[in-house]
Amino acid sequence: MKQQLLDAMDIERERGITIKANTVRIDYKADDGETYVLNLIDTPGHVDFAYEVSRSMRAVEGSLLVVDSTQGVEAQTLANVYQAIDADHEIVPVLNKIDLPAADCDRVAEQIEDVIGIDASGALRVSAKTGIGIKETLEAIVKLLPAPEGTRDAPLKAMLVDSWYDAYLGVIVLVRIKDGVLRKGERIRMMSNGSVHHVDRIGVFRPQMQPVDELGPGEIGFLTASIKQVRDTRVGDTITHEKKGCETALPGFKPSVPVVFCGLFPVDSAQFEDLRDAIEKLALNDASFSYEMETSAALGFGFRCGFLGLLHLEVIRDRIEREYNIDLITTAPSVVYHVYMKDGSMRELHNPADMPDLTHVDHLEEPRIKATILVPDEFLGDVLKLCQERRGIQMDLTYAGSRAMVVYDLPLNEVVFDFYDRLKSVTKGYASFDYQMTGYRQDNLVKMQVLVNDEPVDALSTMVHRERAEMRGRAMVEKLKDLIPRHMFKIPIQAAIGGKVIARETLSAMRKDVTAKCYGGDVTRKKKLLEKQKAGKKKMRQFGKVDIPQEAFISALKMDS
Amino acid sequence: MPSANSSMAVLAGDWRNGGFGLYVHWPFCEAKCPYCDFNSHVVRLIDQTAWANAYLRELDRVAAEIPCRVLNSIFFGGGTPSLMHPDTVATVIEAARRHWPFANDIEITLEANPGSVEAGRFAGYRDGGVNRVSIGIQALNDPDLRRLGRIHSVAEARAAFDIARDCFDRVSFDLIYARQDQTLADWEAELRQALSMAVDHLSLYQLTIENGTAFGDRYDAGKLRGLPDDDRAADLYALTQAVSAEFGMNRYEVSNHAHPDAPSRHNLIYWRYGDYVGIGPGAHGRITLNGQRYATEAHRAPGAWLAAVDNGSGEKPRHCIDMADQADEYAMMSLRLTEGMDIERYQTLANRPIRSNAVDKLIDLGMIRQDQGRIFVQDQGFMILNAVIAELLAD
């Protein structure tokens, strides 16, 4: 048996993260002699999946707050624990990984009290790896967490906790029964859209799927109902019977909205259909991922895709590359701008290349976030500098022990790209970061174009703040000068706003590239060089007369300082 | 395009455009030079008789496959072929003569190091049939010779060169430039000395740092400093062309200069994409048999090669070169020559027209010139020939 049982995807195991919620049911014979049925959900922790987390929280009565005793409280811990508090959970603090030499339980317990403000004096000390403290944890669940409530005789009211696609069974829906009883063969209705399905099978995870005859109040289990698309099963939705259903849905349901967009293009344009296939298959299993076809003069045919956040983007991209074997060019992530036109209408802008003509534009609004950063105090200065550089407005700064908690109001577009990388690098990996969307605000934003050899390269267009445009433009053309190989002719590289050039570099012509010696024995070697050159050229995108390497489309936008 | 049958006939004879030569590789040196990535080995004792016999067996084997060709050239390369006993050289030449009729103007070249011991053997080589030597002088100042890891001095080199001139009508020598810390002025002065010494042929190579050499390791470790960047290397190359022209020693190939009647015929066979037999450890060949061109390569390690010859053949399994690759090879080699590439010959091998948009683009950029059915690389184009070829041959 694999050690990490619940994180099934390779990417989850590799990154040590949970993307999909998972459940398990345990029959536990407690010290009081009773046997209890425990339903556990392992939720994703990352901010991108905050909505899924909030639904999981509503599906259960209490939480185990598991904190790594070698790392301590992270920004993510905070966001999730507040969700649990919002859900009125009884919270049991658990310190994990105590078998490791670096474990420091007393310090971490103190941190939990300082930073989160819950009593951690009785925090359980556990090693999931060696089994220490597991028994105590199960006892704590039985003793400290409230038992589920609910009425068997009431109309069926079940929360859709998560869902995923299975090639054999169709969509598998994870549900928590609040009221009523769900049985195999019944007809159910999704309250958000009224769609009706016939339940093929119901069961529980132990952790393998095990069929049951019925699921009653307090139980967490799965159902299948020949549903073809995950899209038809929305997390947070309320499930009831088709007939004699409940009157009101559970509160808090929200359809998911993508906040970060980027273009995905196949490196080899012949793989476009494969990419379409891959994206369609992934979308089957991921309702929060949206896509539409996009054509770029530089990159050819591809898709503009919307994601819940950066991790979500990376996960989808990795899965396409790995599971479908397609090399991708990913364009710089962009946020959704609100473009207010002079005629009073508002347009959503997902791609800077689509920015309407300025003469018709009244003003622009951009999404802002509230970012929470926890950082050891020796790196605080660097973090503040980074946030200021990214147009941040400081909202709060507090200390908990030797760590500072900084809260900043930041434009999302300054964060979507390389903020997290920069944060990690200036803090040597010691900072943790989390954010939530706060809304839109007007700012002086302009579209900056990049011209290579006097031709605009659409994939390099970005939205920037007017006051920072010169600096960004300069940095970009300097980067591009290094990224684009020398050609047989000199190439001007410019950044421009509207028709006005704000930064310019010239890539000088290639001066020397010749094999000095080439005799009989060298033909084969020379041929290999030629093949290498040909292969290298295929990794470039031709733009007018200029070949631009793929990595340039991402690297050019990164800010080093 | 010619019809299929006549094109087979044309292809079977394509090698005639370049001629037919024999390359003999001698894999031993007294000391390994830090920049050299050729197949050379340093050993204490060499059984000259065993090596002579092995070469003869290989010649017998290959000649049986390719009879009745007029031999245009023999080239003893290495390694350091001037470590061969003159009798060993004479034996090989004699055997070649038995197998293939010699062209009237056959060129028989031997590469030599400019040491005093080697120079003492020059007369012996001449008596054995060698009619041209190519001497690895490499530099005309002692500090640079030492940095290049050469074991001779300028004085020794000049003395060896004088002896060579007494023994042979045709003498060439090599210099390596674009060295560490070499200025344009340093190189110009040295080049002028070289050109005033030169008889009829001079090879002027820019120092190239190859993987797997001592220089390669030092370079990777960041310890090989003062090498010219591409811009300075290009300036050095341009200077070399201008100064050589003053002395009537124009470039006829990227790095080779000669009087109009004195290019190396052997090397022209490579660059005109003729057929050549390669024998000796690691030697490569291109031979056409029954209308099919093959790439041959011998076992590299001297001991392994000797053993393989003993078992019947020193060659590794041969590879057929398909037509598209032949066309690429022809273009890669012929474009190195100022005489240029024959477009019709290229198109026949490639069985498709040359990419006219690439040709037009390169003409526009001043990299090549097209005239009377040939493509000639221009001055600017020679400096970036790899890129020019890649553009022309792109899929």
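This is a predicted model: local features need pLDDT of at least 70, side-chain atom pairs count only at pLDDT 80 or more; totals for chains, interfaces and linings use all residues.
Let's start with chain A as a whole. Its secondary structure comes to 12 helices and 33 strands. Of its 561 residues, 54% are buried. The contacts in chain A also reach across the sequence: among those between residues at least 6 apart, 67% join residues at least 24 apart.

Thr462(A) has a relative accessible area of 11%, so it counts as buried. If you set aside neighbours within four places in sequence, the residues in contact with Thr462(A) are Pro352(A), Val446(A), Lys447(A), Met448(A), Met476(A) and Leu557(A).

Two cysteines of chain A are worth a look as well. Cys105(A) is buried, with a relative accessible area of 12%, and Cys518(A) is buried too, at 1%. As a reminder, a disulfide is a covalent bond between the sulfur atoms of two cysteines. The count of disulfides over all chains is 0.

Now let's turn to where the chains meet. In this interface, 44 residues of chain B are in contact with 27 residues of chain A. The size of an interface is often given as the accessible area lost when the parts come together. Here chain B and chain A bury about 3,400 Å² between them, and 57% of that is on carbon and sulfur atoms.

Which polar links join the chains? Between chain B and chain A there are 7 salt bridges. One of the salt bridges pairs Arg525(A) with Asp37(B), whose closest N and O atoms are 2.7 Å apart. Across the interface of chain B and chain A, 20 residue pairs are in polar contact, with both residues at pLDDT 80 or more. Several elements of chain B give two or more residues to the side that touches chain A, including strand S6 (201-206), helix H10 (230-246), strand S10 (284-289) and helix H17 (385-393). H17(B) gives the most to this side, with 8 residues. By class, the side of chain B that touches chain A has 23 nonpolar, 8 polar and 13 charged residues.

Asn39(B) lies in the loop between strand S1 (20-26) and helix H2 (48-65). Is Asn39(B) buried or exposed? Its relative accessible area is 7%, so Asn39(B) is buried. Beyond residues up to four places away in sequence, Asn39(B) touches His25(B), Pro27(B), Gly79(B), Pro281(B), Gly282(B) and Arg300(B).

The C-alpha atoms of Asn39(B) and Gly78(B) are separated by 7.2 Å, although the two are 39 residues apart along the chain. Gly78(B) is joined to Gly79(B) by a cis peptide bond, with omega about 20°. Gly79(B) itself sits in the loop between strand S2 (71-78) and helix H3 (86-99) of chain B. Chain A has a cis peptide bond between Arg206(A) and Pro207(A), where omega is about -15°. Pro207(A) is in the loop between strand S11 (201-205) and strand S12 (209-211) of chain A.

Finally, take a look at two backbone angles. Asp88(A) is not a glycine, yet its phi is positive, at about 60°. Asp88(A) is in the loop between helix H3 (75-86) and S4 of chain A, and its relative accessible area of 68% makes it exposed. In chain B, Cys68(B) is likewise not a glycine but has a positive phi, of about 55°. Cys68(B) is found in the loop between H2 and S2 of chain B, and at 73% relative accessibility Cys68(B) is exposed.

Conventions: Residues are numbered from 1 along each chain as its sequence is written. Chains are lettered from A and ligands numbered from 1 in the order in which they are written. Side-chain values use heavy atoms; hydrogens and water are left out. Buried means under 20% relative accessible area, exposed over 50%, partly exposed in between (1.4 Å probe, protein chains only). Contact means heavy atoms within 4.5 Å. Buried area is the accessible area (1.4 Å probe) that two parts lose on being put together, summed over both. A salt bridge is a side-chain nitrogen of Lys or Arg within 4 Å of a carboxyl oxygen of Asp or Glu. A polar contact is a pair of N or O atoms within 3.5 Å; within protein, one must be able to donate a hydrogen and the other to accept it, and residues adjacent in sequence count only if both atoms are side-chain atoms. Helices (H or I, at least four residues) and strands (E, at least two) are DSSP runs, numbered from the N terminus. Ala, Val, Leu, Ile, Met, Phe, Trp, Tyr, Cys and Pro count as nonpolar, Asp, Glu, Lys and Arg as charged, and the others, Gly among them, as polar. A disulfide is a pair of cysteine sulfur atoms within 2.5 Å.
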